[in-house]
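Welcome to this short tour. Open the structure in your viewer and keep the selection tool at hand.

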Amino acid sequence: MEYVRFGNTGLKVSKICLGTMTYGRPTERWPWALNEADSIPFIKKALDLGINFCDTADIYSYGASETVLGNALKTYTSRHEVVIATKVFNPMSANPNDGGLSRKHIMHSIDASLKRLQTDYVDIYQIHRWDYQTPIEETMEALHDVVKAGKARYIGASSMYAWQFAKALYTADLHGFTRFVSMQPHYNLIYREEEREMIPLCMDQKIAIIPWSPLARGLLTGKRTAARNETLRAQTDEYGKKLYQKESDFAIVNAVNALAEKRGLPPAQIALAWVLSKPYITAPIVGASKPGQLEDAVAALEVQLSPEEINSLESLYEPHPVLGHQ
């Protein structure tokens, strides 16, 4: 395993981050989620492979993902040996104050997440999306107070417009609040719109970039085509169906499959190797629900793509509308 600095901080994380949205319990929204007994072996395998960085969110299986992750980490490792990131924003109930980025919700949510994770602090507390209803000054001050209370070491953000992220960074600097140190954007071979503004902004500000869906919801693993969705998740993930529909998306999938066959490697390794070839990427967030997927992800660290191979994969890209946030 390789370890890198987390943006402009002194924190070191593995170059592969374990995404835990798949772990928790099946729900109407996530019928493909694994229960705790089936989830734990994947978390243990990640630790055995040297992955020290785990990403979750309060909304995943409505808290069950955090609970499962907390149980697994308490059983198989020591708290100081792992980097835990979680998120806040999405509604956790019908209560009007149980969502968003108000001071009230942030203060309630960090305590609830810590209880489920069985820890006194998280390493990275992230806002899951931009809150159009709450002044950014209120959100940034609340996050600053979470850090000063010792409940989070750093703060991060996820998909939003670059102007919004710039406004948040400016607000923190203006008031002396804790600054975001990471951005979790939607980024993979099929969706590269973040290369326009968000990634250059992060590079300029020395922000860690930890992309979600680096395998395009499994599309880049070579198991699916435009006409065939084999997995339960592919069949029931309505959100995922909205992300990847263009004909050119599947042309890229075919190009990945062709290169994988030529190199004698799984398509997932090719797709991840492309993400990892970008010097601005800190650690892609990779989920796993089947044997071998984590091994493939770690093996991708050793795959070096030539400039010609990279160009062959990138040349088929067509611009997309904004996908992954509003």
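**Stop one: the cavity**

The model holds 1 cavity of 30 Å³ or more, a cavity being a set of points on a 1 Å grid over the protein atoms alone where a 1.4 Å probe fits but cannot get out. The model is predicted, so local features need pLDDT of at least 70 and side-chain atom pairs pLDDT 80 or more, while totals for chains, interfaces and linings use all residues. Residues are numbered from 1 along each chain as its sequence is written, and side-chain values use heavy atoms, without hydrogens and water.

Select Leu101, Trp130, Asp131, Thr134, Ile136 and Thr139, which line the largest cavity (each has an atom within 4 Å of a point). Its volume is about 40 Å³, the space filled by probe spheres set on the points, which are joined across faces, edges and corners. The lining has 3 nonpolar, 2 polar and 1 charged residues.

**Stop two: two helices**

Next, show α4 (residues 136-148) and α5 (residues 162-175), which pack at about 65° with axes 10 Å apart. Helices are DSSP runs (H or I) of at least four residues, and strands (E) of at least two; axes are fitted to C-alpha atoms over the stretch in contact, with angles from 0 to 180 degrees between N-to-C directions. On the α4 side, pick Ile136, Glu137 and Met140; on α5, pick Lys167, Ala168, Thr171, Ala172 and His175. These make the contact (heavy atoms within 4.5 Å).

**Stop three: Cys17**

Finally, select Cys17 in strand β3 (residues 17-19). Is Cys17 buried or exposed? Cys17 is buried, at 0% relative accessible area (buried is under 20%, exposed over 50%, with a 1.4 Å probe and protein chains only). Around Cys17, look for the residues in touch with it, including Phe53, Asp55 and Pro284.

Note on methods. On a 1 Å grid over the protein atoms alone, a cavity is a set of points where a 1.4 Å probe fits but cannot get out, and a pocket is an open set with protein on both sides within 12 Å along at least five of seven lines; lining residues have an atom within 4 Å of a point. Ala, Val, Leu, Ile, Met, Phe, Trp, Tyr, Cys and Pro count as nonpolar, Asp, Glu, Lys and Arg as charged, and the others, Gly among them, as polar. Lists of a residue's contacts leave out its neighbours within four places in sequence.
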